[in-house]
Amino acid sequence: MALTAMVQASQLVLLVHGTLFLRQAMGESLRATGVCLLPLVTAPAAGTFLSGYLLDRFGSIPVPALIGLSAGTLGALAWTAALPSLEYGWQVPGMVLAGLGMGMPVPALSAEMMHAVPAYKRTDASVLRQTFRQLGGALGLASAGAVVLSANDDAQDAAGVVSDSATPAAFLVAGCVLGLALLLALVMLPRLWPTPG
């Protein structure tokens, strides 16, 4: 559950601060901002399908989880590196890789959680999983906001609205959270490798 919370935290940080960056730094209209975010928003769906394929192919939870967390971390960092250029085209590969990576671990981890509990407790487990995802999103946004504000005191206007110059700090928070999730998965998930025979 901790891993899915961390993925959700990063996903919301990238979505919210990516939206702010496209609107403020790049001056995109609301409609254009929505269109520009399509690679980030649609890539997790592809990651979900890829996760199912990898689960069927390898019969192992760690394969899609570790590949996804690795891709998500690299994608978040690549998108962060592309921000200063203010060129949308350079941002797309990071968006796609981050979205694809964040879409892969959640189905595999959810399947493992449902498999680990008895059938009569699966409803409770599902509610608990969803609660942790929501909590992860809230904590991720709060943490990124705190880092952004503390690192960029001069990046907010009189109303307290943070400007686009703070976006890289938020993206680094998302990348670090995904990297931490990857390290946690490397420690926790090896026990889920299938045993021969």
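# Reading a predicted helical chain

User: F132 is partly exposed, with a relative accessible area of 31%. What cut-offs lie behind the words "partly exposed"?

Analyst: This is a predicted model, and the words describe that model. A residue counts as buried under 20% relative accessible area, as exposed over 50%, and as partly exposed in between. F132, at 31%, is therefore partly exposed. In the chain, F132 belongs to helix α7, which covers residues 122-151.

User: Now the fold. How many helices and strands does the protein chain have?

Analyst: There are 8 helices and 0 strands in the protein chain. Read along the sequence, the pattern is α-α-α-α-α-α-α-α.

User: What percentage of the residues count as buried?

Analyst: Of the 197 residues in the protein chain, 43% count as buried.

User: Which residues of the largest nonpolar core touch the most other members?

Analyst: That core has 38 residues, and L14, L40, L69, W79 and M102 touch the most other members. Two or more residues come from each of these elements: α1 (2-24), α3 (38-58), α4, α5, α6, α7 and α8 (167-188). The largest share, 9 residues, is from α8.

User: Take W79. Which residues does W79 touch, not counting those up to four places away in sequence?

Analyst: W79 touches L14, G18, L37, L40, Q91, G94, M95 and F171 under that rule. Two of these, L14 and L40, are also on the list of core residues that touch the most other members.

User: Contacts can join residues that lie apart in sequence. What percentage of the contacts between residues at least 6 apart join residues at least 24 apart?

Analyst: In the protein chain, the figure is 75%. A case to look at is T4, in helix α1. T4 touches V106, L109 and R133, with residues up to four places away in sequence not counted.

User: Is T4 buried or exposed?

Analyst: T4 counts as buried because its relative accessibility is 3%, and the cut-off is under 20%. T73 has 11% relative accessibility, so it counts as buried. Leaving aside neighbours within four places in sequence, T73 is in contact with G175, L178 and G179.

User: How far apart in space are S60 and E112?

Analyst: Their separation is 9.6 Å, C-alpha to C-alpha, while in sequence they are 52 residues apart. S60 sits in the loop between α3 and α4, and E112 is in helix α6, residues 105-116. S60 has 0% relative accessibility and counts as buried. E112 is buried too, with a relative accessible area of 18%.

User: How far apart in sequence are L135 and A9?

Analyst: L135 and A9 are 126 residues apart in sequence and 8.2 Å apart in space, C-alpha to C-alpha. L135 is found in helix α7. With a relative accessible area of 44%, L135 is partly exposed.

User: Backbone angles can also be read. What is the phi of L86?

Analyst: L86 has a positive phi of about 55°, although it is not a glycine. The place to look is the loop between α4 (62-82) and α5 (88-103). L86 is partly exposed, at a relative accessible area of 44%.

User: One more feature. How many disulfides does a search of the whole structure find?

Analyst: The search finds 0 disulfides. Cysteines can still be read by accessibility. C36 is buried, with a relative accessible area of 10%, whereas C176 is exposed, with 54%.

User: Why does C176 count as exposed?

Analyst: C176 counts as exposed because its relative accessible area is 54%, and exposed means over 50%.

How values were computed:
Residues are numbered from 1 along each chain as its sequence is written. This is a predicted model: local features need pLDDT of at least 70, side-chain atom pairs count only at pLDDT 80 or more; totals for chains, interfaces and linings use all residues. Side-chain values use heavy atoms; hydrogens and water are left out. Helices (H or I, at least four residues) and strands (E, at least two) are DSSP runs, numbered from the N terminus. Buried means under 20% relative accessible area, exposed over 50%, partly exposed in between (1.4 Å probe, protein chains only). Contact means heavy atoms within 4.5 Å. A disulfide is a pair of cysteine sulfur atoms within 2.5 Å. A nonpolar core is a set of buried Ala, Val, Leu, Ile, Met, Phe, Trp, Tyr and Cys residues joined through side-chain atoms within 4.5 Å.
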